[in-house]
Amino acid sequence: MKKILFVASEAVPFIKTGGLADVAGSLPKYFDKEKYDVRVVLPKYLCMKRPYFDQLTYKDHFYMYYNGANRYVGILTTVVDGVTFYFIDNEEYFGGDKPYGDWFWDLQKFCFFCRAALSALPVIGFQPDIVHCHDWQSGLVPVLLKDSFRGGDFFKDMKSIMTIHNLKFQGVWSIPVIQQFTGLSDYYFAPDKLEAYKDGNLLKGGLVYADKITTVSNTYAEEIKLEFYGEGLDGLIRARSNDLSGIVNGIDYDDFNPATDPHIKKNYSVDNFRKEKVKNKMALQEEVGLPVDKSKFVIGIVSRLTDQKGFDLIACVMEALCQEDTQIVVLGTGDSKYESMFRFYADKYNDRVSANIYYSEELSHKIYAGCDAFLMPSLFEPCGLSQLMSLRYGTVPMVRETGGLKDTVEPYNEYERTGTGFSFSNYNAHEMLGIVNYAKNVYFGNKKEWNRIVERGMKKDFSWSSSAKQYEALYDSLTE
């Protein structure tokens, strides 16, 4: 039995701000339980969801010297869907009403978390073969395994994997501060280790010292070797390319299942979507205040409203998108300029645009189920989950060919009659508008062909099961 420990800053169902939480919380339950004992360690945030917070049980505690003082480290635990989760408790570090927010404080608390998570392992009696670290918040772990935790039998054979979910966030501050928080010697602050452009960089440390590196799609693994996508670390990524692999994320097919989803008006499947899916469309139109008309082409957007997600392209051609035959339903929050833009168009075209500037899990499911198409024109997208959800619900994705979007959405080919969605390659607003209009032409002009695109998308398998098998192969290659 191989033992694996996930070290992450968030995981469903406890705390979520992005796709990282879906990976850390959902992936572990899909491993073969006969061969892999996969457990997860997280910070015990005071802002965690209450029902889950209240079910944690005390396991043990100890004191650890960190940043000039002996500090309390509590260990709590719970089991969800057969997976054991551990929580590192220290209210000074993990209090507050949100998990992140102040960069300086985040750096300090995640350096504490990394050291505490490793120090807790002998206390709880769990000796993993592999420590699987996620994003910069756990980037210190591979460094510590080669540094102060190297001596003694308990840690000496432990391997580490570093997974990049989004290379944009790296955990960067001045070297004296990073050195203070990490407790590492001067030796580690050189250009081939944690130093990057005269600062300390926690993610870089993880990428230098991890035994293997993964990221969340094959295309993103190639893109981050290039200067445009590499966020200043492309040289290091190229140097370690032999240890780098891309494994596309999945989604939880139990949570996202149109046949059983309790949030949607009418359940449906690949067998009966032609008749039943439209009932969700009409229910969505009614709920968000748009005219109920099943003949309209309804486009869904569920996203953070930021430049990375391609909203500057949408802003450029929004007037042209708001055609009389089209309705647009937006859900999400983000940059005020995009929030204001959608509110403006919802006011100007109140029969065509619905701007829901907040987040609701329930409404997101209704959008995936009720729309005809889903727009996702990202500048870069390491993996992306929304396009996987829209495929699952038979809502045709319209995406830019980048990262995981390119790996998971097969562009429609009218001559070969293949494809599961529509895509464009250049980061260009009119190219995006062209592909939206092309999709509309198929929708209005050849409904039978549109339904075949929907059917092919719904038959694709982007569950966690296939991702888990690829991670299992990676774990085997490291331990055998």
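Biologist: What stands opposite Ala-196?
Modeller: Asp-199, in strand 10. The model is predicted, so to speak of local features we need pLDDT of at least 70, side-chain atom pairs count only at pLDDT 80 or more, and totals for chains, interfaces and linings use all residues. Numbering starts from 1 along each chain as its sequence is written, and side-chain values use heavy atoms, without hydrogens or water.
Biologist: How do strand 9 and strand 10 pair?
Modeller: Antiparallel, over two bridges; strand 10 is residues 199–201. Pairing requires at least two DSSP bridges between two strands. Strands are DSSP runs of E, at least two residues; helices are H or I, at least four; both are numbered from the N terminus.
Biologist: What is the strand order in the sheet?
Modeller: 8-10-9, an open, antiparallel sheet of three strands. Strand 8 (172–174) and strand 9 (195–196) are the edges, each pairing on one side only.
Biologist: Which helix lies across them?
Modeller: Helix 6, residues 175–182, at about 105° to strand 8. Axes are lines fitted to C-alpha atoms, for helices over the stretch in contact (heavy atoms within 4.5 Å). Angles run from 0 to 180 degrees between N-to-C directions.
Biologist: New topic. Which helix gives the most to the lining of the second largest pocket?
Modeller: Helix 11, with five residues. Helix 11 (273–287), helix 14 (361–370) and helix 18 (447–459) each supply at least two.
Biologist: And the lining by class?
Modeller: Seven nonpolar, three polar and six charged residues. Ala, Val, Leu, Ile, Met, Phe, Trp, Tyr, Cys and Pro count as nonpolar, Asp, Glu, Lys and Arg as charged, the others, including Gly, as polar.
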